Amino acid sequence: MSSSFNTPSRRKPLFPGPSTTPAGPPPSHLSFTQVSTTPAGPPPKSSFFSSHNAANNTFGSRRGAAGATPAHRARGFVVPSSSPPAVDEEEEEDEDEEDDDEEMEVEERPEKSAFMSSILSAPRGLKRSRNGAVREQVGSDYASIARSVTSHIPSTNSLTEPDEMLLQQETILSRLETSKNTGEASEALTRLWARYSDPKTREGKLGPEAEDGVSKAVYLASLLLTLHHPHLQQPSKQQPRGKKETTTLPRALLNWLDEHHTPFPDEYPSISTASPSPAAHDRFWDTIYASLVRGRFSQAIQLLRHAGWENAYTAEEDSQEEGYTEKQLDNIEEVAERAARLLESCPVIKGGEGDGDWDIKGPAWTVFRLRVRQAVRELEEFAGSAEEDDDEEGVGSGKRRNVFSLSAATKKAESRVPWSIYTNLKLCYDILLGQPEEIMDASQDWLEASIYITVWWDGEDTSPSLSSRSTLGESRGQGRKSITASQAREVDLSPLAAYRRRLADAFTFVTDTEEALFLPETVEGVQVGLGCVLTGEVGSVVQLLRGWSLPVAVAVVEVAGKGGWLPGGSRGGLGRGFSSQDLMVLSHGPGGMEGMGSAGLRDEILAEYAGLLAGKDVLRVGQVGGVGRVGEVGGGTEREGWELAVAVLGRMDDQAEGERRVGELLGGIEVRGEGRVDRILEACGGLGLEGRGRGVAERFADSLLASPDTAEVMRNVGTALMYLSRARCGEKISETLGLLVSLCLIHSAAYPAREEMDERLAGLVGKERSTLVELARKDGEAAELLASRLSGYATLRRFYELRDQDVLPDLGNAQKLRPLERAREAAGALMAVLGSASDCIRGGLYDPEAEGVVPVDCVLALLGEALVLLGQGKRVFSKEQVFGMMRVVEDFEAVTSRVRENGGALLGACLGAYRESGSGGGMGRMGKSGSAFGGSSWDMLAESTMVGPSAGGMGKVERGWDWRRGVDELGVEAGGKEVVAMVRVALAREVARGWGGGLNW
């Protein structure tokens, strides 16, 4: 884009001819004929075509002279500082007639008729060629340009954005996933990004001054979010704390310009304090125009009321070299005060520019525009310059005469209000009425012109078409007729969509020129992106953002997906039920399924972002202020990269693909420490991916049990059980607890000893069950699963603690029982365990599906433990317990030989451990070979746990009694048959005593 502040008029002359530098101020009758003369020297400052002080023209005005009143913007011309050459009035009238005839010929060309017919036959919004023919709708050219620009942006291999930005953005997007409040999320995102980007505008250019990708991405993304979810870039000072702030799109767009597009500094402070007065400054009126289009009406009011007209620089333009006369000053102050009072009645000013009525299309503004039109008529009447055809043409009529008669020039020169003041005030009124041409004249570039034309739109569908400039003049008068229209307007039914359509039309209108100032530079990515934003090419904008800052692109597609404006939708409508691969196939081929190609855009970007997040180890944020009510992150925060990656993948539209990627990601994570596993489970649970989290929990529990160090296994067995339950691994829980039960029987003691138990295991079997309570808070189903399988092991430990109560006084605060009472309670615990072990062999038939919480292999060893309690002087077992034990003995004898052999192997390990008490051995994995605890693995397990307690073994154990001692004293090699025989004899004697009255049955 050209940086020149003074650019030629964008209107093409009706009578083109060679142009040379004028020799002096042009005569009035040549003001619009494009006739020029040879210069005799530099033009005076007051010349209409002067380029005086062009380098200091902050606003980049397209007028011929800095601050001069442009004839093409006003309904008149400047009275020259010197008298015009004598011209015969009749000759001038003849020239006027010839010019008018030629102008009419131009207006009656076939192209004009074709254009007008297309306006009447084609709906609004269709693209047209220069002659008005409707173009084939092939999409925006900027989409293809954006693809070319994107291809030259290097791919992102890492995330360079600060950790704080990534963490706080994820907080916002996570809340968006549940709240679906896209407006709050958009507001929080733009305010967050503002802290990590540089919004300073390139001087005299478009786009951010900073060259980093984040600043470029934020520049486009903030405008895109504003168009779809209007919000203010920064909270207004008048906003009460805690109150939700809402705004209209016009106000939001102006706010965006204030934050992101200030190619030149605001000159109001310097102009308002200029010496000798503001009106003496040659950019006085430019500053008023800028204040009006930016919605800063209070500044315009101050300048009008405190202008100091006696020093106005426009006096030279009005041929008043010594300044305005007293009468002229009175008249100027009168019309300026009227303009100031009119601005004070603006709906924005009534409530303060921050809290006023910014519904530009609403009824209050409709009434205000009526006042503006009335003010124009009053200005014309007061100045005495109203022409008969003004009322017919309407205020702001586009009909302009290229030449004026001398009498007309004299009439305007004799106006009660100096003509430069008159035309500049009329231009101000035209801006308030939203006239596109006048708004363009007050704009610094095509971006401002497009936005201003959209902001000050009255919302009428019958307003001038922006598809071509050639219809502007003919349509000017339609605005007044539409005020009383009763039909529903699109802008009232769907305001945001209507405003976005208006913005696209305005952009087409503004850039339909050969003037460099109003043409985007297609070699600059930011300007191409702006073109895509203004024309609604969201997909192209996202691709540009993706190359500059992937996190910003992710946030945009997330909001767009929830807001329903992402191209192709968010896997809705035709895309529902299709996987990413399906959509890829459907998007190919002639015709395809329109829009399907973009449906996977969101998932593609999310997957790429998740991969880069997973590559970061830890993301940290210190004491950082909040980012608004939505994204507030306070205090210190630390999260691992995979956590954010899982959260991002969990929001993919293709759930199957997302779950697959989560599985791959978690499969590559090293599970170290409970904290990481807990975070994985929490993250997966929050995303509905419990299965993936359970796989990690199972992997972690297996790693705890796989250690070759027995002591380490015993220190972690409680933790392993807890995570196996969270993984819903019921079989592994039963296997691990079965091994603990077997080890207890092998050593005929509670194993591991209380002082050797890890905290988690102690919390599982203790009276308070603290571990189960903790687990229930996190996962109630897991706690229930673990509790149901823990009862056998806990009951057996209770049996041994009761047995050893006299010899182990350090059993805590357990209640001391008398010997007989303690023996009976121990017998009850033993029978409960024995009953569970024999559940699967009822009637002598082995049913693996009916196996209880204690393995059936433990039956013989449990019967051996019962031998000591049988045949006591007083009853220990009840009659029901005795007959129940008899049933177990008979069922065990009748069951298959394999079950008996496995039980015998465990019994042999128990007796062997007693005989080898004190010897040691190595420790392998805490388990056994084969299935159903079979083979000789019990002997190896017994040997491996005979070392001292520091290595995970039992060492020397004090017991209340030990049934193995009696069997060993028999002096024979006792096995399963011998133990069963002894139990049978003892039971027979117990029954005989009971039936004989020896026991109190």
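A residue is taken as buried when its relative accessible area is under 20%. In the predicted model described here, R803 has a relative accessible area of 1% and is therefore buried. D804, with a relative accessible area of 4%, is likewise buried. These two residues form a salt bridge in which the closest N and O atoms of D804 and R803 are 2.7 Å apart. Elsewhere, salt bridges that share partners join E674, D678, R726, R760, E774 and K778 into one network. In total, the structure holds 56 salt bridges.

A further salt bridge pairs E604 with R546, the closest N and O atoms lying 2.9 Å apart. This pair links distant parts of the chain, with E604 in helix α30 (residues 601-614) and R546 in helix α26, 58 residues apart. E604 is partly exposed, at 44% relative accessibility, whereas R546 is buried, at 14%. In the salt bridge between R672 and E670, the closest N and O atoms are 3.7 Å apart. Here R672 is partly exposed, with a relative accessible area of 45%, and E670 is exposed, with 53%.

Helix α26 (residues 538-548) also packs against helix α25 (residues 525-535), at an angle of about 150 degrees and with the axes 9 Å apart. Because angles over 145 degrees count as roughly antiparallel, α25 and α26 are assigned to that class. The crossing of α25 past α26 is left-handed. On the α25 side, G525, V526, G529, C532 and V533 take part in the contact, meeting S540, V541, L544 and W548 of α26. By class, this contact comprises 6 nonpolar and 3 polar residues, with no charged residues.

Methods
Residues numbered from 1 in each chain as written. Predicted model: local features only at pLDDT ≥ 70, side-chain atom pairs only at ≥ 80, totals over all residues. Heavy atoms only, no water. Axes fitted to C-alpha atoms, helices over the stretch in contact; angles between N-to-C directions. Helix = DSSP H or I, 4+ residues; strand = E, 2+ residues; numbered from the N terminus. Parallel < 35°, antiparallel > 145°, perpendicular 65-115°, else oblique. Left-handed = near helix turned anticlockwise from the far one by under 90°. Contact = heavy atoms within 4.5 Å. Nonpolar A, V, L, I, M, F, W, Y, C, P; charged D, E, K, R; others polar. Salt bridge = Lys/Arg side-chain N within 4 Å of Asp/Glu carboxyl O. Buried < 20%, exposed > 50% of the residue type's maximum accessible area, 1.4 Å probe, protein only.
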